[in-house]
Structure formats: structure tokens, C-alpha cells
Amino acid sequence: MSIDTPILDQPGAGGPDAGLIKDTTTKDFMRDVIEASREVPVLVDFWAPWCGPCRQLTPILEKAVRGARGAVKLVKLNIDEHPQIPGQMGVQSIPAVFAFQDGRPVDGFMGALPESRVKDFIARLVGDRPADSAAELEAAEAALAAGDADSAAQVFAEILQKDAENTAAAAGLAKCYIKTGDLTRAEQTLALVPPAKADSPPVASARAALELARKGSETGDIDSLRAKLAADPKDAQARFDLALALNAKGDRNGALDELLALVAKNRAWNDDAARKQLLQLFDAWGPSDPATLSGRQRLSSLLFA
């Protein structure tokens, strides 16, 4: 066995690095990433054998994770062999690295970064974000989910005062503005995110939510759209617009019902617009949101029945 072989990935292997770096599968993703990230942050490296930049980045990631001495773990997923998870997360180019903490994606980057920037990324993830900030983020996100955008915005803003590059806080603050209808300030908030973090999962989610809010403001009144559908149940555009209007009012399940009905009845309509719109909703709501999980399952049942 050569010195480059990752012995710690072998079942039952020991040593100080044992368990820090491993390959995973679609079946084991929940255990290796979601559940494991509740104990320590987990980096997920989406890669493929044909990807040259991936071959450059992965050894850098492995070295940096070993250097962190247990503060973070690395899980690698071959997207050719296991396309379902990257597809659900909207991974469109590789290498792509997502950082999971407390069961959800909190940061990430695309492309092969140099070693110094990978180390900085890990340092921010495990060293520059104190435990109280993580608790504050969780409290702010809970307040926003409960509809208290004002309280959530105050906490997100306080976190950003301490850590201007905290993408989760910036995305959360933008979503607070979206919740209150101040789309201009939401856009301004997202524009302050450093370019290197512009594609991180929290920011991508907020950007999708902003675009949905703009669409929702243009669709018209819910009652009028329902009346249109009652008069003509085959009116695909009215059903599509109703879904956006419902989402804008916070009725996620209602939006799901209308778009899934459109996929079931007329998937080819407007170049597969209903399915594409569902994917944007999932991006905006986040991968762990109950509506996202339910919607993905229902969509898969329709597409692969």
C-alpha cells in the first residue's frame, strides 16, 4: 500500500486521523454528514474522477482537515456514482464544497482554491465563529420562521457587526427584508457578501427567495387567480401564478400543491416551467425545510412513477 493511500478511510483503521476523512454514498449521507455535523462541522467534497480541478483540491482539503486536528471532518461524494444528493442541492459545477453544521449547510465554495484560502475557510468555520454566534443564528432563524422578522433582523445585524463575512447572518438579514417586502434592502444586503462567498448555500437560498418575492409581487391577487382556475381548470399560467402568489404569502404547501398538479397534468408546459420553479422554491426554502423534503419526495414520485 502506497503512502498516499488514505488508510484512515479503511474500515477499522486506527491512528490519530481515523474518522476525519471518508467517502460516502447516497444511502450513508444522512449518517456521515447530517448526523455527524451535529457533533462537529463536516465539509462535503463533491467531485468526479474526470474533474482535473477536483484532483487538485481534494489533497488540499485532506491536508487542511488533518491540520485542524479533529475540529472538522471531510466527506467525499463521487457525483457520477451518486448524483441524487448533488442534484437535490443544486450542484451544477465541481469541485463544490459545502460546510454542514448542526444538520444543515452553512457555507461553501466552488472551484479549486489554494491551500491558504482553504485553511482560511476552515478557520472561519471552526475558529472565527464563536459558539454564542451559532446559538444566536439558530435563535434568529427560529424567530424568522415564526414570523418575527424584526427580532430576527436585529440578531442577524448584531452578528454581522461582529463578523462581517458571516454568510448565514447576511442571508438571514436579507430574508428578513424579503419577509417585510423591502426587496431593495434585501438586494443591497446580498450585494455586501464577499465575491468568494457569493455562491455559498445560505446566500444562494436568499437570492432564490428574493427572485421568488419579485415574481410573487407580479402575479396578481390570490382570489382572482383562484376564480380564473375555477372558470378554466386547464389554465396552466393561472395555476403557475397562483403557486407563486401563495408562496409569497407564506403558504408553501399550497404552492407545492399547485405546481405539482401542473407537473402531473402538463409537465411539458412552458419548457418544463413548473418543475424548474419547484427547484427554485427548494433552493429558497433550504434543503432541510419540511416543505422542501416533502416537495422533493412528491416530485420524485411523479417523475419516476
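## Local features of a predicted model

Asp272 is placed in the loop between H12 and H13. Here helices are DSSP runs of H or I of at least four residues, strands are E runs of at least two, and both are numbered from the N terminus. The model is predicted: local features need pLDDT of at least 70 and side-chain atom pairs pLDDT 80 or more, while totals for chains, interfaces and linings use all residues. Residues are numbered from 1 along each chain as its sequence is written, and side-chain values use heavy atoms, with hydrogens and water left out.

**Confidence.** The pLDDT, the predictor's confidence in each residue on a scale from 0 to 100, averages 85 over the protein chain, and 91% of the residues score at least 70. Over residues 1–17 it is below 50, and this stretch has 16 contacts in the model beyond near neighbours in sequence. A contact means heavy atoms within 4.5 Å.

**Backbone geometry.** Most residues other than glycine have a negative phi, and most peptide bonds are trans. Asp272 has a positive phi of about 65 degrees although it is not a glycine. Asp271, likewise not a glycine, has a positive phi of about 60 degrees. This residue also belongs to the loop between helix H12 (252–266) and helix H13 (273–285). A cis peptide bond, with omega near 0 degrees, leads from Ile94 to Pro95. Pro95 sits in the loop between helix H3 (84–88) and strand E4 (96–101).

**Accessibility.** Residues are called buried under 20% relative accessible area, exposed over 50% and partly exposed in between (1.4 Å probe, protein chains only).

| Residue | Relative accessible area | Class |
|---|---|---|
| Asp271 | 57% | exposed |
| Asp272 | 12% | buried |
| Glu62 | 14% | buried |
| Thr189 | 9% | buried |
| Thr292 | 0% | buried |

**Side-chain contacts.** A polar contact is a pair of N or O atoms within 3.5 Å; within protein, one must be able to donate a hydrogen and the other to accept it, and residues adjacent in sequence count only if both atoms are side-chain atoms. In helix H2 (residues 52–67), which holds Glu62, the side chain of Glu62 is joined to that of Lys76 by a polar contact of 2.7 Å. Residues up to four places away in sequence aside, Glu62 touches Ile21, Leu74 and Lys76.

Thr189 belongs to helix H8 (residues 183–191), and its side chain reaches the backbone oxygen of Arg185 at 2.8 Å. Apart from neighbours within four places in sequence, Thr189 is in contact with Ala170, Leu173, Ala174 and Tyr177.

Thr292 is part of helix H14 (residues 290–303). The side chain of Thr292 comes to 2.8 Å from the backbone oxygen of Gly286. With residues up to four places away in sequence not counted, Thr292 touches Phe282, Trp285, Gly286 and Pro287.

**Helix packing.** Two packed helices are described by the angle between their axes and the distance between the axes. Helix H9 (residues 201–216) packs against helix H11 (residues 236–248) at an angle of about 115 degrees, the axes being 8 Å apart. Axes are lines fitted to C-alpha atoms, for helices over the stretch in contact, and angles run from 0 to 180 degrees between N-to-C directions. On the H9 side, Leu212, Lys215 and Gly216 meet Leu244, Asn247 and Ala248 of H11. By class, the contact of H9 with H11 has three nonpolar, two polar and one charged residues. In this scheme Ala, Val, Leu, Ile, Met, Phe, Trp, Tyr, Cys and Pro count as nonpolar, Asp, Glu, Lys and Arg as charged, and the others, Gly among them, as polar.
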